[in-house]
Amino acid sequence: MSAGQSILITDVRPYGEGEPVDILVRDGVIAEIGTGLSAPDDVERLAGEGAIALPGFVDMHTHLREPGREDTETIASGSAAAALGGYTAVFAMANTDPVADNSTVTDGVYRAGRDVGLVDVHPVGAVTVGLRGKQLAEMGMMAAGAAGVRMFSDDGKCVDDPLLMRRALEYATGLDVLIAQHAEEPRLTVGAVAHEGPTAARLGLAGWPRAAEESIVIRDALLARDAGARVHICHASTEGTVELLKWARAQGISITAEVTPHHLLLNDSRLETYDPINKVNPPLREESDNLALRQALADGVIDCVATDHAPHASQDKCCEFAQARPGMLGLETALGVVVETMVTTGLLDWRGVARVMSERPAEIVRLPDHGRPIAVNEPANLTLVDPNRSWVVAGDELASLSDNTPYEAMTMPVTVTATLLRGAVTARDGVAANQGAESGPDEHGVIA
Ligand SMILES: NC(=O)N[C@@H](CC(=O)O)C(=O)O
Ligand SMILES: [Zn+2]
Ligand SMILES: [Zn+2]
């Protein structure tokens with residue numbers, strides 16, 4: 001990791017509280033916070049213009065598609081999308097091609113992320129070889145490699161064999177790493193493309209029942225209890241999962257959970273058009289689930305927001321509903337959706353946003369340098385937000401190489417105006433630091 005930059009950020013309000021202050025960053029670390037700060041002439045300046053300063057966001061759940069599907073996202077394009085969304089660290093899921101089930105792949109992803117330098121890219125290792133759910137992957141080798149893999153998941157697939165999941169939790173405890181489960185009992189979701197309920201029944205879409213998620217959530221809570229292990233639930237989507245998390249916590253079980261922006265905002269009323277843009281795993285549920293998930297996030301029952309940013313090519317998305325790939329873009333729109341569902345509704349203040357988008361995810365994955373307080377001697381991983389500047393989503397203008405956003409033409413209530421990684425500006429006013437105007441874009445639309 002680079003030592004970091006020096007920069008004087010003026011006129012920002014940490015956590016949206018109090019009068020504006022200046023933040024002086026020296027060598028990537030916050031050196032001073034106060035009013036009327038000065039710096040030598042050669043130090044870069046960033047005018048905050050009254051923006052809210054938050055700790056840089058941490059996404060526990062991103063799909064970057066490299067290696068294997070670089071036509072839909074690369075580590076460079078996904079890093080740009082992350083920086084524009086206010087992220088300073090992302091965890092890149094293992095369901096690539098080849099699968100990230102060995103340290104050659106995980107170290108390669110880590111190094112590629114470091115070379116791009118816009119965001120700390122942490123590869124997630126697969127729990128099982130090839131995501132096939134039959135044999136544990138070499139978690140220890142991946143943890144010991146250059147990437148220092150600290151989180152493992154077969155996301156996209158559930159580790160459905162209970163004995164294998166138990167072994168994975170036991171090994172993970174020994175290695176002090178986290179297992180994140182895509183909770184889906186596959187026997188209950190054969191052919192499923194939408195939430196099982198009145199809407200899917202009327203539209204003739206095969207249903208994915210809530211119990212497919214909830215049965216794995218409770219099973220894994222019990223396995224974690226017996227193994228004395230930690231377990232993390234990916235993309236919680238139902239009111240029942242919220243109730244089970246409460247129960248498990250009350251038993252002292254070490255279980256954590258994330259919710260995606262789309263499960264906070266969207267529901268199966270969107271399916272009427274049969275537009276596969278709304279197809280995602282787990283599926284969009286019902287309004288009662290949206291409301292329960294929001295309340296759970298506000299109460300801390302659900303720990304954090306994770307995007308499940310899932311880029312797909314248009315030919316894989318614009319086809320018959322049943323054939324289309326599941327997944328939605330999320331990195332550049334996450335904050336807007338969280339503000340719309342949680343801040344505008346009064347469920348969270350900006351401190352709460354910092355908690356669910358930065359502090360808790362960093363704690364859960366034990367990232368020492370992210371999700372830290374905005375205070376002297378802390379790393380300058382920061383996101384500046386203009387709470388009064390809205391913007392309209394256009395898929396083809398996003399930095400992501402894919403355009404499968406469900407928020408097309410929607411107005412996002414706030415704008416990330418700048419993101420800083422160890423004091424280096426990685427995104428500013430809608431442009432990522434690798435998208436400069438001087439050199440032309442390469443074949444991926446990214447400028448080196
Ligand atoms: N969420 C999705 O619908 N799709 C994800 C896989 C996953 O997160 O389960 C993908 O990799 O496309
Ligand atoms: Zn998943
Ligand atoms: Zn995912």
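In the protein chain, 75% of the contacts between residues at least 6 apart in sequence join residues at least 24 apart; two residues are in contact if their C-beta atoms, placed from the backbone, lie within 7 Å. This is a predicted model: local features need pLDDT of at least 70, side-chain atom pairs count only at pLDDT 80 or more, and totals for chains, interfaces and linings use all residues. Residues are numbered from 1 along each chain as its sequence is written, while chains are lettered from A and ligands numbered from 1 in the order in which they are written.

**Overall fold**

- The protein chain has 12 helices and 20 strands. Helices (H or I, at least four residues) and strands (E, at least two) are DSSP runs, numbered from the N terminus.
- A compact globule of 448 residues would have a radius of gyration near 22 Å; the protein chain has 21 Å, which agrees. The radius is taken over C-alpha atoms, and the globule rule is 2.2 Å times the number of residues to the power 0.38.
- Along the principal axes, the C-alpha atoms fill a box of roughly 65 × 50 × 45 Å.
- Of the 448 residues, 56% count as buried. Buried means that 20 or more other C-beta atoms lie within 10 Å of the residue's own, exposed means 12 or fewer, and partly exposed is in between; C-beta atoms are placed from the backbone.

**Nonpolar cores**

- A nonpolar core is a set of buried Ala, Val, Leu, Ile, Met, Phe, Trp, Tyr and Cys residues joined through C-beta atoms within 7 Å.
- The largest one has 132 residues, and Phe 152, Leu 169 and Ala 172 have the most contacts inside it. Helix α1 (residues 75–84) gives this core its largest share, 7 residues.
- Beyond its neighbours within four places in sequence, Ala 172 is in contact with Met 139, Phe 152, Val 177, Leu 178, Ile 179 and Ala 229.
- A second, separate core has 7 residues, among them Ala 192, Ala 194, Trp 208 and Leu 271.

**Helix pair α6 and α7**

- Helix α6 (residues 210–227) packs with helix α7 (residues 239–250) at an angle of about 10 degrees, and their axes are 9 Å apart. Axes are lines fitted to C-alpha atoms, for helices over the stretch in contact, and angles run from 0 to 180 degrees between N-to-C directions.
- The two helices are therefore roughly parallel to each other, a term for angles under 35 degrees.
- On the α6 side, the contact is made by Arg 210, Glu 213, Glu 214, Val 217, Ile 218 and Ala 221; α7 supplies Gly 240, Thr 241, Leu 244 and Ala 248.

**Backbone exceptions**

- Most residues other than glycine have a negative phi, and most peptide bonds are trans.
- Glu 66 and Pro 67 are joined by a cis peptide bond, with omega about 10 degrees. Pro 67 is in the loop between β5 (57–62) and α1.
- Asp 97 and Pro 98 are also joined by a cis peptide bond, with omega about 5 degrees. Pro 98 is in the loop between β6 (87–92) and α2 (103–116).
- Tyr 15 has a positive phi, near 60 degrees. Tyr 15 is in the loop between β1 (7–14) and β2 (21–26).
- Asp 429 has a positive phi of about 50 degrees. With 10 C-beta neighbours inside 10 Å, Asp 429 counts as exposed.

**Asp 154**

- Asp 154 lies in the loop between β8 (151–152) and α4 (162–175). Asp 154 is buried, with 31 other C-beta atoms within 10 Å.

Methods
Angles under 35 degrees count as roughly parallel, over 145 as roughly antiparallel, 65 to 115 as roughly perpendicular and the rest as oblique.
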